[in-house]
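Colleague: I would like to learn how to read the packing in a model like this one. Could we go through it slowly, one feature at a time?

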Amino acid sequence: MLREWCGRLLGALVFCFAADAAAQAPSDAQRTQARAIYERIVSFDTSTGAQNQAMAAYLSSQFRAAGFPAEDIHLVAAGETTGIVVRYRGDGSGGRPIVLRAHMDVVPALREDWERDPFTLVEENGFF
């Protein structure tokens, strides 16, 4: 559940980074890109430090591709895991700052305990 929520949050954030995404609905291309990002982050088994680090690196690359300056993207090592902090600079006209927070690490999910592979995005009846 938390993995799904985090994935949806991150996917939604990526298309919010387009210059005027707040003013218009996302394009088909943006929806396709967000789904691809969501599918990729679901595939990471972040119960291991290496996969957590890989997911942080992947997300960092997505933020850079979306136009975030490298100095605003920080990977933070914490033991075996890695966090990511991204600064979204405003133009001074948007009011008070906000903080969005989530985490990437999950408890182990054994494939045999699940009806479906927990690290494969499944779309059914229009839902993930």
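**Reading contacts, helices and a core**

Modeller: Leaving aside residues up to four places away in sequence, Ser60 touches Ile73, Leu75 and Ile84, where contact means heavy atoms within 4.5 Å. This is a predicted model, in which local features need pLDDT of at least 70 and side-chain atom pairs count only at pLDDT 80 or more, while totals for chains, interfaces and linings use all residues. Residues are numbered from 1 along each chain as its sequence is written, and side-chain values use heavy atoms, with hydrogens and water left out.

Colleague: Why does Ser60 count as buried?

Modeller: Buried means under 20% relative accessible area, exposed over 50% and partly exposed in between, with a 1.4 Å probe and protein chains only. Ser60 counts as buried because its relative accessibility is 4%, and this residue is found in helix α3.

Colleague: How do α2 and α3 cross?

Modeller: Two packed helices are described by the angle between their axes and the distance between the axes. Here the axes of α2 (residues 28–42) and α3 (residues 49–65) come within 11 Å and cross at roughly 165 degrees. Therefore α2 is roughly antiparallel to α3, a term used for angles over 145 degrees.

Colleague: Which residues make up the largest nonpolar core?

Modeller: In soluble globular proteins, nonpolar side chains tend to be buried together. The largest nonpolar core has 11 residues in all, among them Ile37, Phe44, Leu59 and Leu121; such a core is a set of buried Ala, Val, Leu, Ile, Met, Phe, Trp, Tyr and Cys residues joined through side-chain atoms within 4.5 Å. The elements giving two or more residues to this core are α2 and α3.

How values were computed:
Axes fitted to C-alpha atoms, helices over the stretch in contact; angles between N-to-C directions. Helix = DSSP H or I, 4+ residues; strand = E, 2+ residues; numbered from the N terminus. Parallel < 35°, antiparallel > 145°, perpendicular 65-115°, else oblique.
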